[in-house]
Number of protein chains: 4
Amino acid sequence: MQKVIVAGFTGSMGSQVVQLVERLAEFQLAGVYNPHIDSLNPTDFNLASSVQVFNNLQQITLNDAIWIDFSVPSAVFTNAKFALEHGLKPVIGTSGLSTTEIAQLRQIAAKKEMSGIIAPNFGLSAILLLKFAQTAARYFPDVEIIELHHADKLDAPSGTALATAKAIREVTPEKKFHDQQAASPARGLDHEGIKIHSVRLPGYVAHEEVLFGAAGEALTIRQDSFDRASFMRGVELALNYVSDNQDFIVGLENIL
Amino acid sequence: MQKVIVAGFTGSMGSQVVQLVERLAEFQLAGVYNPHIDSLNPTDFNLASSVQVFNNLQQITLNDAIWIDFSVPSAVFTNAKFALEHGLKPVIGTSGLSTTEIAQLRQIAAKKEMSGIIAPNFGLSAILLLKFAQTAARYFPDVEIIELHHADKLDAPSGTALATAKAIREVTPEKKFHDQQAASPARGLDHEGIKIHSVRLPGYVAHEEVLFGAAGEALTIRQDSFDRASFMRGVELALNYVSDNQDFIVGLENIL
Amino acid sequence: MQKVIVAGFTGSMGSQVVQLVERLAEFQLAGVYNPHIDSLNPTDFNLASSVQVFNNLQQITLNDAIWIDFSVPSAVFTNAKFALEHGLKPVIGTSGLSTTEIAQLRQIAAKKEMSGIIAPNFGLSAILLLKFAQTAARYFPDVEIIELHHADKLDAPSGTALATAKAIREVTPEKKFHDQQAASPARGLDHEGIKIHSVRLPGYVAHEEVLFGAAGEALTIRQDSFDRASFMRGVELALNYVSDNQDFIVGLENIL
Amino acid sequence: MQKVIVAGFTGSMGSQVVQLVERLAEFQLAGVYNPHIDSLNPTDFNLASSVQVFNNLQQITLNDAIWIDFSVPSAVFTNAKFALEHGLKPVIGTSGLSTTEIAQLRQIAAKKEMSGIIAPNFGLSAILLLKFAQTAARYFPDVEIIELHHADKLDAPSGTALATAKAIREVTPEKKFHDQQAASPARGLDHEGIKIHSVRLPGYVAHEEVLFGAAGEALTIRQDSFDRASFMRGVELALNYVSDNQDFIVGLENIL
């Protein structure tokens with residue numbers, strides 16, 4: 001059985017990951033980590049007595065385990081580096097790593113021949129949408145994006161919508177856009193010619209649509225996230241991949 | 001049988017109206033009018049020999065007919081006034097009438113107790129969408145509009161999307177909107193708090209969506225116009241209404 | 001302040017109704033009822049000490065209150081009749097009343113000049129969808145229904161989809177349908193010519209689409225229920241209506 | 001310049017292909033074929049005088065050309081075999097080839113080292129939908145299909161919807177479906193556990209939706225065909241492929 005340590009195990013994602021690992025037959029919850037807890041008693045956290053509770057990286061002597069990280073942006077680089085240097089394969093869901101930090105982690109992993117995954121998004125429908133959008137754009141270079149979220153979302157456009165636009169532009173660098181109504185605010189945000197429209201309404205959760213058009217036809221890809229439970233399928237995929245492979249991956253789309 | 005005169009009978013809408021009137025059992029195509037034609041011979045226009053062709057208003061001596069106008073903005077007021085003053089009930093599909101002109105026509109119609117309809121839009125799906133949106137907004141004041149058109153459309157947002165936003169605001173004057181991301185172009189055009197998003201893509205024809213959201217639920221109304229043939233059902237409704245009623249109507253939504 | 005009694009107050013809907021009434025300024029939670037509880041102490045149920053807890057109808061001496069019922073099908077008729085006979089205005093969300101029972105309740109209400117509402121559905125998006133579908137069908141008699149629910153739903157088609165088809169047929173009794181592919185199972189369930197299609201997939205919650213088509217155009221009405229919280233807005237509407245009016249209503253659509 | 005012969009050049013698809021080839025800089029319309037025409041004069045068909053008109057296969061002495069076939073099911077095998085045996089690379093859009101005939105054509109092509117494409121569908125949005133659906137099904141094995149067509153369509157379900165279901169089942173042979181409402185006609189046609197729902201309404205053209213669901217999320221792929229013009233982009237892709245490659249392909253999805 002593959003051992004697993006969950007960093008950030010008391011958070012909303014972390015606690016769901018704990019339940020996931022407990023459910024999976026091929027994996028065993030060996031440890032949990034959160035520097036801000038006082039008790040090291042697993043029963044205080046409804047965990048089996050065999051689970052080791054850590055609030056200090058230096059106490060962790062487990063190795064050959066997978067390190068799943070849903071902690072906080074300020075801690076994630078230190079955590080991930082510690083993991084790689086101590087023989088723990090990282091699966092990083094925490095955001096906040098810079099390009100330089102990612103490059104550094106990749107280098108350590110390469111030297112130590114360790115597998116790992118850094119993924120800003122574990123939602124499979126969102127990841128497949130991005131992949132399909134990239135392929136479709138080769139044949140349908142005219143494309144716009146609509147993302148719809150609950151009214152309390154703090155940013156617009158959503159990070160995933162912008163990432164989709166960027167991913168599409170990577171495969172259609174030669175496409176030129178002409179927008180006759182560019183001056184109208186109704187045309188939304190322009191990312192190198194691709195328009196992004198953000199809808200914010202109560203009731204909605206998190207949804208993204210990519211609309212492609214060409215003479216006489218249209219192709220639309222839509223994903224709906226109703227519940228964070230959906231991320232667990234992506235975490236499970238990552239666990240299996242890291243367990244069975246040797247390479248270090250950035251972006252879950254690269255293993256689908 | 002109710003007699004009908006079609007003004008602008010050689011245009012794309014006018015010629016479809018001619019075919020419609022020829023098809024309807026209770027109506028009879030009595031005359032057609034276009035000041036820019038030379039021949040007054042109906043067979044030159046594939047019309048029955050009983051149809052009178054006019055290129056001058058003063059020649060028209062028919063009365064007790066319906067005057068359907070799909071001519072041009074510069075002519076429509078003169079045409080409509082002529083019709084009312086000569087006992088011809090106007091059904092006006094031509095755009096371009098000012099508020100003052102409409103008021104003046106309404107006054108003449110009232111004095112002469114004549115029926116008539118001025119309608120900027122004869123598409124039943126678009127009209128029902130507007131009506132439903134007004135009703136829904138009473139219970140779902142949080143609303144956004146997405147309209148999607150072919151890439152060659154010359155304006156953004158579409159006139160119908162803006163009209164929808166205005167109609168909704170009429171019934172929700174007290175609603176206050178707070179948009180945390182108001183500064184982002186991704187949020188679209190703001191009409192008194194209602195966001196309008198315009199998509200322009202090849203392949204698309206003319207489509208409008210009104211999205212309502214509230215705690216735990218959403219309501220969406222969408223209409224698709226694939227073909228101008230769809231307007232003929234609205235023209236038929238207008239013909240029947242004008243034929244059977246005494247009042248003067250602005251907006252087909254008021255007879256649905 | 002209008003007093004309110006909640007029957008079935010420990011159920012999933014009932015407990016949300018309790019919270020709603022506590023939140024509303026013009027209403028006061030005066031009592032709660034459930035024949036299967038042992039304690040009559042409000043603090044055992046996290047209720048204010050001023051709230052009377054009942055497990056026996058005969059103990060209830062409050063009058064001039066609203067009786068909201070989210071109990072069980074086997075109890076609802078007895079409850080509703082008791083309410084009317086004791087001066088309590090019923091708002092009935094429990095299903096299971098027969099046509100005869102509804103007629104009997106209506107008769108008692110009429111004799112005692114009491115208001116009340118029996119509503120199988122308090123979701124405003126679903127009720128507006130039904131209303132709009134009825135209106136649209138007058139102009140778009142060709143219509144099909146798609147309802148989408150989570151994979152665990154026990155019936156197909158959904159009760160609301162069937163109710164929508166019936167409501168549409170009421171206003172289009174003369175419409176004749178010709179289905180060339182009537183023999184194919186792909187055409188779904190036929191209700192007097194209106195096809196109903198039921199999708200069952202994990203992830204989905206509760207969604208209904210009514211699709212109308214006519215020459216060159218389409219009109220679609222869709223509602224999404226993501227959460228039961230959405231029903232509370234309908235309950236609030238019912239409370240206000242019953243408080244301010246004298247008539248007895250079956251179906252929330254009749255007060256929208 | 002690559003020479004091209006169009007078989008079935010007077011049909012609705014064939015005549016669009018003629019216009020396409022005339023428009024493309026790298027291709028030259030060298031010949032057209034239809035056994036049912038009397039005149040061999042290109043100007044009778046609005047073709048350039050350099051275009052050879054054939055009504056008999058035996059007259060065709062061109063070689064090293066591409067043979068595009070949009071003729072009729074009864075002629076397509078003879079045509080395709082003739083093409084391959086006379087050094088003409090076939091691009092076959094005509095339906096009606098049996099599995100045995102396709103195998104035979106593939107064999108001739110292999111022996112003569114000639115490229116060719118047999119494609120039942122040239123609509124890129126439909127082909128991409130099928131490809132994406134196959135990939136998505138690996139991660140979302142729970143899936144249903146809705147196809148929507150105009151009311152005059154003669155079959156249900158559509159051939160492409162059935163092909164989509166089959167393609168999905170190829171990649172998810174181990175998936176087991178449990179449908180609690182299998183007995184209800186509302187659940188549509190069952191293809192090895194995948195439900196297909198066919199909507200038939202006036203106004204609609206040709207549309208297909210594949211709906212995937214999993215815990216807490218959904219993924220939907222939709223394509224809309226508004227106009228046959230959309231097929232020409234697929235024909236152009238096929239022309240370029242056959243011109244530049246050596247292999248014999250069945251299904252345009254294999255070159256996307």
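Chain A and chain C bury about 300 Å² between them, and carbon and sulfur atoms give 84% of that area; buried area is the accessible area (1.4 Å probe) that two parts lose on being put together, summed over both. On the chain A side, Gly203(A), Tyr204(A) and Phe226(A) lose the most area to chain C, together 86% of what that side buries. The model is predicted: local features need pLDDT of at least 70, side-chain atom pairs count only at pLDDT 80 or more, and totals for chains, interfaces and linings use all residues. Residues are numbered from 1 along each chain as its sequence is written, chains are lettered from A in the order in which they are written, and side-chain values use heavy atoms, with hydrogens and water left out.

**Chain A and chain C**

- Contact (heavy atoms within 4.5 Å) links 4 residues of chain A with 4 residues of chain C.

**Chain A and chain B**

- Chain A can be laid on chain B with an RMSD of 0.1 Å by a turn of 180 degrees and a shift of 0.0 Å along the axis, with copies superposed by least squares on the C-alpha atoms of residues with pLDDT of at least 70 in both.
- This is the relation of a two-fold axis.
- Gly188(A) has the C-alpha nearest the axis in chain A, 2.4 Å from it.
- The copies meet through the same surface, because 100% of the interface residues of chain A are also interface residues in chain B.
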